[in-house]
Amino acid sequence: MSTRVWQREDRTDLSLPEVADRCAIRDLVDAYAQCADRRDVPGQMALFTEDIDFIVYADRGAPMPLQKLRGRAALARMCHQFDGYQAVTHINGQSTTRIDGARASGVTFCLVCRVKTAGVARTLMTTAVRYLDSYVKRHDTWLIRQRLVLIDWTDTRTLAPG
Amino acid sequence: MKSEDSPRDQHAELSLQQVADRLAIRELVDAYAYCADRRNAAGQMALFTEDTDFLVFMDSSSPTPTQHLRGRAALAPVFADLNQYQATMHFNGQVTTMLDGERASGVAYCLAHHVKVDGSTRTLMIAAIRYLDSFVKQGGTWFFSQRKLMVQWIETRVISTD
């Protein structure tokens, strides 16, 4: 998002609770993908704080968001967008987190793949996304407080009839 | 499929042993991909328990497997099937695990790339796979006790060399 120097986290005094936090946040990020692909919208909502901010940028250079949602209820409606697809696959790549006590931030790379069927025609839409996240830990559980969805590119292809 | 829901593990009391188990399971999943791509069928089979279950669902929405293989020895033809390709690359995404002592379950995402040569034509087949795994620790080593290979979608296209 900016030209500042990439800051890596200091690992010299990593403690076991910090490792646990890192594992928990990675599982949180992967649970979002899992719930989305399983169309488990209640499960997905349970990963967010009640006052979640979910902001989608369609073009990495665009200053204005394509979509801005606040709160679980608004997000649940958006998450049903996946219902019409034959298959949805969120394939996560690297997930980098910076932890600061009960707060954390992170960047996750994801290839969002959607297969749509119309008669015998099938298309595969792939969206390359970077999620810029803020997390909070409440009652020993990490939640997503804010998620910025930065769409780098989208590609749509025709698949062989299934 | 219900066992897949509520995907998050508990982390508050994570022990060093559990961190080691998570790493070992991630390495087991990655070893499967590595052995497959290196055509090391013996190495690949050694990752499974003697009485392993290996199920292939070419249509992940179907309750009936396309193939059901029982026992480590039965896996040889499945892995030998990769020899028809000039190259394969099992590109792993997220691996989410739920530990339960000496047993564990997990979901692993993979984009399995297969390149085939037919005369001067080269085709690339990509299978998006979700592996639903059960693991067991025997003599200090983690093995697959069951692996369900769930194909989400397949894309096949001609690729050019230059």
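In what order do the six strands of the open sheet of chain B stand? In this predicted model, the order is 2-1-6-5-4-3, and the pairing within the sheet is mixed. Strand 2 (67-70) and strand 3 of chain B form the edges, each pairing on one side only. From one strand to its neighbour in this sheet, the average turn is 15°, with direction ignored.

Helix 1 of chain A touches strand 3 and strand 4 of chain B, and its direction makes about 110° with that of strand 3 of chain B. Helix 1 of chain B lies across strand 3, strand 4, strand 5 (121-138) and strand 6 of chain B, at about 160° to strand 3 of chain B.

Along the principal axes, the C-alpha trace of chain A spans about 55 × 35 × 30 Å. Buried residues make up 29% of the 162 residues of chain A. Among the contacts in chain A with a separation of 6 or more, 54% come from residues 24 or more positions apart.

The six strands of chain A form an open sheet with mixed pairing, in the order 2-1-6-5-4-3. Strand 2 (67-70) and strand 3 of chain A stand at the edges with a single partner strand each, so one side of each has no neighbour in the sheet. Neighbouring strands of this sheet are turned by 15° against each other on average, direction ignored. Helix 1 (residues 16-37) of chain A packs on this sheet, where it touches strand 3, strand 4, strand 5 and strand 6 (141-159) of chain A, and its direction makes about 160° with that of strand 3 of chain A. Helix 3 (residues 72-79) of chain A lies across strand 1 (48-57) and strand 2 of chain A, running at about 50° to strand 1.

Two antiparallel pairings of chain A share strand 4. Strand 3 (residues 87-100) pairs with strand 4 (residues 103-118) over 12 bridges, and A:Thr96 has A:Val107 of strand 4 as its bridge partner. Two residues lie between the strands of this hairpin, where A:Gly101 takes a positive phi near 70°. On to strand 5 (residues 121-138), strand 4 of chain A is joined by 16 bridges; here A:Val112 has A:Thr127 of strand 5 as its bridge partner.

Finally, the two chains meet through 23 residues of chain B and 26 residues of chain A. On the side of chain B that touches chain A, helix 1 (16-38), strand 3 (87-100), strand 4 (103-118) and strand 6 (141-159) of chain B each supply at least two residues. Strand 6 of chain B gives the most to this side, with four residues. By type, the residues on this side of chain B divide into 10 nonpolar, seven polar and six charged.

Definitions and conventions. Residues numbered from 1 in each chain as written. Chains lettered and ligands numbered in written order. Predicted model: local features only at pLDDT ≥ 70, side-chain atom pairs only at ≥ 80, totals over all residues. Pairing = 2+ DSSP bridges. Buried ≥ 20, exposed ≤ 12 C-beta atoms within 10 Å, placed from the backbone. Contact = placed C-beta atoms within 7 Å. Axes fitted to C-alpha atoms, helices over the stretch in contact; angles between N-to-C directions. Nonpolar A, V, L, I, M, F, W, Y, C, P; charged D, E, K, R; others polar.
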